[in-house]
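Walk me through this structure, please.

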Amino acid sequence: MSSSTAALPEILRGEGLPNFEAVTPGAVSAHIPQLIQELDAELTGLEQQLGSALESGTPLSWSAVMDPLQRLGERLRWSWGVVSHLNGVCNSPELREAHAAQQAAVVQFGNRAGQSQVIYKALEQLQQQGGALDAAQQRILSAELRDMQLRGVGLSGSEQEAFNSASQELAELSTRFGNQVLDATNGWTLKLIERDQVDGLPTSLLDQLAQAARQAGDSEATAEAGPWLLGLDMPRYAPFLKYSRRRDLREQVYRAHVSRASGQAGSELNNWPLIERILTLRGEQAKRLGYANWAEVSLAAKMADSEAAVEALLEELRAAAYPAAQQELEALAACASRHGAAEADDLQPWDVSFWAEKLRQESFELDSEALRPYFPLPQVLEGLFALCSRLFGITIEAVDGEAPVWHSDVRYFRILEGAQAGSGAGTPLAAFYLDPYSRPGSKRGGAWMDECLVRSRRPDGTAVLPVAYLICNQSPPVGDTPSLMTFEEVETLFHEFGHGLQHMLTTVERPQAAGINGVEWDAVELPSQFMENWCYDRATLMGMARHWQNGEALPEAEYRKLLAARTFMGGSATLRQVHFALVDLKLHSQWQPGSGQSPEALRRQIAESTTVLAPIDEDAFLCSFGHIFAGGYAAGYYSYKWAEVLSADAFSAFEEVGLENEERIRDTGRRFRDTVLSLGGSLDPKQVFEAFRGRQPSSEALIRHSGLVAV
Ligand SMILES: [Zn+2]
C-alpha cells in the first residue's frame, strides 16, 4: 500500500495522521476535483459490477459490496475531513474560498451514492442472506437501507420527480427562513444616548454597545459616554434583558425580539407563509415515503420508538416542572416586591430575566469570573485524566511532537491501557489533538469533537487506532499566567471529552458502527453529558480546583454555590424546553394544511399547559424557530431532553453505588466503558443502555438533578 501511494499528493493520501502543512488552498483546488472524479469513476465501476452480479443471480458478499463502498467513503472522509477541519481551525480567505468552491461537488457525490438504485438492490440482497452476517453487520445494513429509503431511493417515475423537486424546494425554503430571521434580527436597532437609558448595564455590555455604535457610524462612541447601539442579536439582547433597570426599554426590545420575521408593523420579512409551506411539503414527503407524517419519518432513524414514547417523557418532565416554574415565578415577584418595584404584582415576560438575575446574585453571589484562578487548564486536564483513569482504567499522556499539528498551541496526547503513570509502557488504544485556545479571525467559535481517524482494520490485518480532534475556545495564556477557565468552560471541555471517549474507546472495528458512527441522534449526547456530571462531583472538582498561584483549594462555600446555581430556575428551564419540543412534535404530526387551525393557534393551545406566563399577542416565536425550520431538528427537538434522561440516569448508577465507594465506582466505570463507550453504533441504543444499567432508562435522575420532584 505505501509504495503505491507514495507518489500521491499529501491531501489524497487517505490514511494515517495528516501532514496539515501540505493541505494548502492550492492543493484543495488542484486535487479535490481529481479525487471526486476518481471516486465517481470507481462508483460507476462498482455499480456495473454489482449490476451484472444481480442480473446473473450471483450471491453477493459483504466484501464485494460493503468493503468497496466503505473504502470509497473513507477516501472522501479522510481528504475532505482534513480540509473541513482546517477550514474550522485555521481559516483564511483563500482556504474558505477553496473549500466553498469544492463543497457542492462533494455533496453531489454523496447524494449520488446515497440514491443509487443498484447499490440499494445489492444491499437488500445482502440483507436477505442474513445468516452469514453478525449483529453489527445487520445493523449497519439496515441503517444504510433506511437512510437510502428516506432519501427517496425506493420511489420511481413521477413520484420520484415530485419527491426530488419538493426536497429542492424545502432546502430553498429553509435557507430563506434562516436569512429572513437574520435580516429581521439585524434590521432592528435602538440608539441609546442618555446615561439613564443604560442604567444597570455591566461594563462588558456597554463596551459591546459602544462598539456596535462605532461600527454603525458613531465613530466617537465610548462605553462611558455613549452613544450605545442596542440590537436583537443574542450577545446584546440577552444581557440587556438581564441587567437593564429601564423596564420600558426591556419591554420595547422584548416585543421587537419575539415578533421578528413575522410581518408585523408592516415588515416585509414574514416567515408565516414559509412555515405553512414547509410543514405542508414535509407532510407530503412523508406520505410519499409511506409514513403518516413527518414526525414518523424523523423517529424512524432515532432511539425513541414512537411519538407516544416521546410524549410520555415530555409529560413526565412537564408535570414535574410546571409547579416548580410557578413557584419560581412567585419567588421572582417576591424579589421584585422586596425591592419595591411597581411590576411586582404584574410580572411580564420582559421582567423575568431581570429579576431572575437579581435573585441569583442575592442567593449565591456567584461571580463566575472570580472562579477562574482555580481552574488553570493544565490542572483541569490533570483532573480530567485522573478521572478517566479512575473510571475507565486508562492512562493519558502527553506526546507532543509525535504528530504534525496545525498550530503551535495544539497538543497531542495518547491513551494507553495497563500503563504505569509516567512510565509510558502499556498498550496504545487511541490518541487525540487538543486545540484549547480561541484565535479570533481564524478559528470558528464554540467547542467540538471531530474524527481524525476511525477505528478499523487494514486489509493486512493490522489495526488503525482512533484519533480525535478536540477543539475548545478558551482564553490563551498571558505571559506567565496559564489559561484560566470559567466553570462553564470546564464543563464544555468535559462534554467534548465525553464525545472523544466514545470515539476513542470503541472496540468496534467496522468503521460504519465504530465510536459515534451509527449512534442514533437522540442518543449521541449520552457520553458527553454524562461527563459533565462529574464536574459537580466533590472528589473530581475539589481534586482539580486549586488556586493557580498559592495552591489553595476552592472554598467550600463556592462549591455549594456552584451546586445551588445548577438547579436555579430549573423548573422554568425544563418547562421551556418541553414547550419547544412539544410544539415541534405536534406541528409535524398533528397540524394539517387547510384544517382552519394555524400553526400559531396550535402552539398557543400547547402553551396553555407548558408556559406559566402566556405568550403575549405579538409573540411569534415560530417565525424565528430556526432549529426546526432552518436546521436539522424537525420533529427532533425533543432529543436534547431524551439524551439528558440517558446521561443523568447513567450517572445515577454511580450515585447508587456511592460516589465515595472507590471499588464499586471502578466496577461501574468499567461497565460504562464496556457498554456505552465500547459498543458505539454496533447495537441498538436501548440494548446498550440496558447492558449498562440493567433496565430501560428512567427520567427520575434527570428530574432530581434539575432540582424538581417527580409527579
Ligand atoms: Zn455534544
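In which sense do strand 6 and strand 9 pair, and over how many bridges? Strand 6 (residues 448-453) and strand 9 pair in the antiparallel sense, over five bridges. Strands (E, at least two residues) and helices (H or I, at least four) are DSSP runs, numbered from the N terminus. Two strands pair if DSSP finds at least two bridges between them. W448 stands opposite I471 in strand 9.

The model is predicted: local features need pLDDT of at least 70, side-chain atom pairs count only at pLDDT 80 or more, and totals for chains, interfaces and linings use all residues. Residues are numbered from 1 along each chain as its sequence is written, and side-chain values use heavy atoms, with hydrogens and water left out.

Strand 9 has another partner. Strand 5 (residues 427-437) pairs with strand 9 in the parallel sense, over six bridges. There, Y433 has Y469 of strand 9 as its bridge partner. Strand 9 (residues 467-474) is largely enclosed by the rest of the structure, because seven of its eight residues are buried. Buried means under 20% relative accessible area, exposed over 50%, and partly exposed in between (1.4 Å probe, protein chains only).

Next, a loop residue. T506 sits in the loop between helix 16 (487-504) and helix 17 (526-533). T506 counts as buried, at 3% relative accessibility. A polar atom of its side chain lies 3.0 Å from the backbone nitrogen of G515. The T506 side chain also reaches the backbone oxygen of S678, at 3.1 Å. Beyond neighbours within four places in sequence, the contacts of T506 (heavy atoms within 4.5 Å) include R455, L501 and L677.

Now the helix pair. Helix 8 (residues 203-215) and helix 9 (residues 234-243) pack at about 135°, with axes 10 Å apart. Axes are lines fitted to C-alpha atoms, for helices over the stretch in contact, and angles run from 0 to 180 degrees between N-to-C directions. The contact is made by L205, Q208, L209 and A212 of helix 8 and P235, R236, P239 and F240 of helix 9.

Finally, the backbone. Most residues other than glycine have a negative phi, and most peptide bonds are trans. A cis peptide bond joins G226 and P227, with omega about -5°. P227 lies in the loop between helix 8 and strand 2 (228-231). A261 has a positive phi, near 55°. A261 is buried, with a relative accessible area of 4%. M569 has a positive phi near 55°, and is buried at 15%.

Technical notes
A polar contact is a pair of N or O atoms within 3.5 Å; within protein, one must be able to donate a hydrogen and the other to accept it, and residues adjacent in sequence count only if both atoms are side-chain atoms.
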